[in-house]
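Dear colleague,

Please find below the structure that I am handing over to you. My notes on its cavities, salt bridges and surface follow it.

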Amino acid sequence: MNNKILGSILIIAGTTIGAGMLALPVASAGLGLIGSLVVITLMWALMAYTALLMLEIHQYAPASATLNTLSKEILGPRGQMVSVVAMLFLFYSLCAAYISGGGEQFNAKLVQVGWIGQGSIAGTVLFTLVIAGVVSWGTGKVDTLNRGLFALKIVAMFTALFVLAPEVSRVHLTEMPLEQGLFWAALPVVFTSFGFHGSIPSIVRYLDNNTKALRTAVLLGSALPLVIYLIWQSISLGVLGQHVLLSNPGLAPMISALSATTAFAQLGNAISIFADLALATSFLGVSLGLFDFLGDTLRRKANATGRIQTALVTFIPPFLFAVLYPNGFITALGFAAVALVILAVVLPVAMTYRIRKTRTEYAIYKVKGGSPALLLCLLAGLTVATAQFLLV
């Protein structure tokens with residue numbers, strides 16, 4: 001396999017597998033094992049399909065095109081405005097979440113070794129500067145760092161899964177759904193856990209708009225998180241059961257509950273390391289997409305001065321939000337699902353429909369399904385957005 005294709009697969013997978021994975025068992029526990037696995041698989045199918053729609057659209061544009069330029073060219077100024085607002089809301093809220101979560105964990109570790117005192121934000125500053133430096137350097141550097149972090153993340157994750165697997169109870173695996181309303185509560189979290197679309201323009205540029213290579217990267221890059229999510233969901237639900245997961249809705253309580261099920265003392269550390277690396281790789285992918293989007297929107301040059309200017313606009317707003325409102329990102333993340341519906345479902349469907357009607361030139365690649373599949377995707381996306389509003 002081409003080295004760049006492999007790197008692109010890992011960037012997509014690394015962007016997808018983040019802190020959202022750790023929230024899946026709690027968010028969907030009430031559905032039971034079969035119900036939760038079905039919802040996870042359906043959300044993956046929706047997001048993978050709309051990602052392929054993006055590849056179809058990119059055939060009609062230069063490799064350097066972002067969602068901003070695509071929406072303007074295909075849907076006009078109003079479509080561009082919708083994409084800009086949704087993109088900024090989604091990316092900034094996600095970056096604020098990753099800075100806040102990653103910085104908090106980094107601060108805690110620095111406090112443990114005595115390098116900083118309680119209440120310091122030095123870890124948050126350092127975490128942000130490292131990621132900002134790598135992203136500003138370019139996609140190739142993100143690829144290199146992401147490969148190392150992704151490998152470590154997979155080792156930590158499978159260590160935890162290997163230790164937990166023998167503790168799975170068949171009784172927990174056969175538990176039935178508790179309430180119908182829990183289905184709606186699970187949808188936005190599961191949907192957002194497959195949010196990698198913001199990194200697609202960067203991958204298109206990295207692979208020189210090679211449709212065949214891009215299709216491989218998207219399908220394998222999104223299928224890898226799907227397999228991992230299904231395994232993680234089965235083991236965590238099989239070990240703890242519905243009632244324990246629903247009564248421990250936070251990440252720390254869930255880690256403690258999982259650690260208490262086995263004599264392996266380092267299980268908590270393994271899960272903690274995985275959480276750290278999941279945040280880092282997700283932050284890399286999301287901030288890379290935001291960086292390229294802002295660079296294109298603000299028309300910054302690719303030289304050192306232009307990239308520094310883009311980096312400041314990319315990282316300072318979410319950093320300030322994370323520092324000033326350390327818990328405020330949780331609310332923003334809930335509505336991030338709505339912005340993601342617009343970016344990952346509504347806009348790709350609308351642009352694909354428009355371009356199929358207005359462009360008569362030959363397309364190398366066209367996603368199957370026709371207008372019925374586009375309508376089905378749109379309805380599924382609106383269902384996710386409605387579910388989020390019902391939770392408010």
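Which helices each supply at least two residues of the lining of the largest cavity? They are α4 (67–112), α9 (200–206) and α12 (267–297).

Before the details, two remarks on the basis of these notes. This is a predicted model, in which local features need pLDDT of at least 70 and side-chain atom pairs count only at pLDDT 80 or more, while totals for chains, interfaces and linings use all residues. Residues are numbered from 1 along each chain as its sequence is written, and side-chain values use heavy atoms, with hydrogens and water left out. Helices are DSSP runs (H or I, at least four residues), numbered from the N terminus.

Cavities

Rolling a probe the size of a water molecule over the atoms shows where empty space is left. A cavity here is a set of points, on a 1 Å grid over the protein atoms alone, where a 1.4 Å probe fits but cannot get out; its lining residues have an atom within 4 Å of a point. The structure holds two cavities of 30 Å³ or more, a volume being the space filled by probe spheres set on the points, which are joined across faces, edges and corners.

The largest cavity has about 60 Å³ of space. Its lining consists of Thr66, Leu67, Met87, Phe91, Gly198, Pro201, Ser202, Gly289, Asp292 and Phe293. By class, five of these residues are nonpolar, four polar and one charged. In this scheme Ala, Val, Leu, Ile, Met, Phe, Trp, Tyr, Cys and Pro count as nonpolar, Asp, Glu, Lys and Arg as charged, and the others, Gly among them, as polar.

The second largest cavity has a volume of about 40 Å³, and Met21, Ala156, Met157, Ala160, Trp232, Ala270, Ile271 and Phe274 line it. Two or more residues of this lining come from each of α6 (139–164) and α12. Its classes are eight nonpolar, no polar and no charged residues.

Salt bridges

How many salt bridges does a search of the whole structure find? It finds two, a salt bridge being a side-chain nitrogen of Lys or Arg within 4 Å of a carboxyl oxygen of Asp or Glu.

In one of them, Arg205 pairs with Asp292, with the closest N and O atoms 3.3 Å apart. This pair links distant parts of the chain, since Arg205 lies in helix α9 and Asp292 in helix α12, 87 residues apart. Asp292, which also lines the largest cavity, is buried at 13% relative accessibility, whereas Arg205 is partly exposed at 29%. Buried means under 20% relative accessible area, exposed over 50%, and partly exposed in between (1.4 Å probe, protein chains only).

Glu56 and Arg356 form a salt bridge with their closest N and O atoms 2.9 Å apart. Here helix α3 (residues 32–58) holds Glu56 and helix α14 (residues 329–358) holds Arg356, 300 residues apart. Glu56 is buried, at 2% relative accessible area, and Arg356 is partly exposed, at 22%.

Surface

A nonpolar patch on the surface is formed by Leu298, Ile308, Leu312, Val313, Ile316, Leu320, Phe321, Leu324 and Tyr325, with about 820 Å² of accessible area together. Such a patch joins nonpolar side chains (Val, Leu, Ile, Met, Phe, Trp, Tyr) within 5 Å, from residues with over 30% relative accessible area and no salt bridge; the areas come from the Shrake-Rupley method with a 1.4 Å probe. Val313 belongs to helix α13 (residues 304–324) and is partly exposed, with a relative accessible area of 33%.

With kind regards

Key:
Patches are made of residues with over 30% relative accessible area and no salt bridge: like charges are joined within 9 Å, nonpolar side chains (Val, Leu, Ile, Met, Phe, Trp, Tyr) within 5 Å. On a 1 Å grid over the protein atoms alone, a cavity is a set of points where a 1.4 Å probe fits but cannot get out, and a pocket is an open set with protein on both sides within 12 Å along at least five of seven lines; lining residues have an atom within 4 Å of a point.
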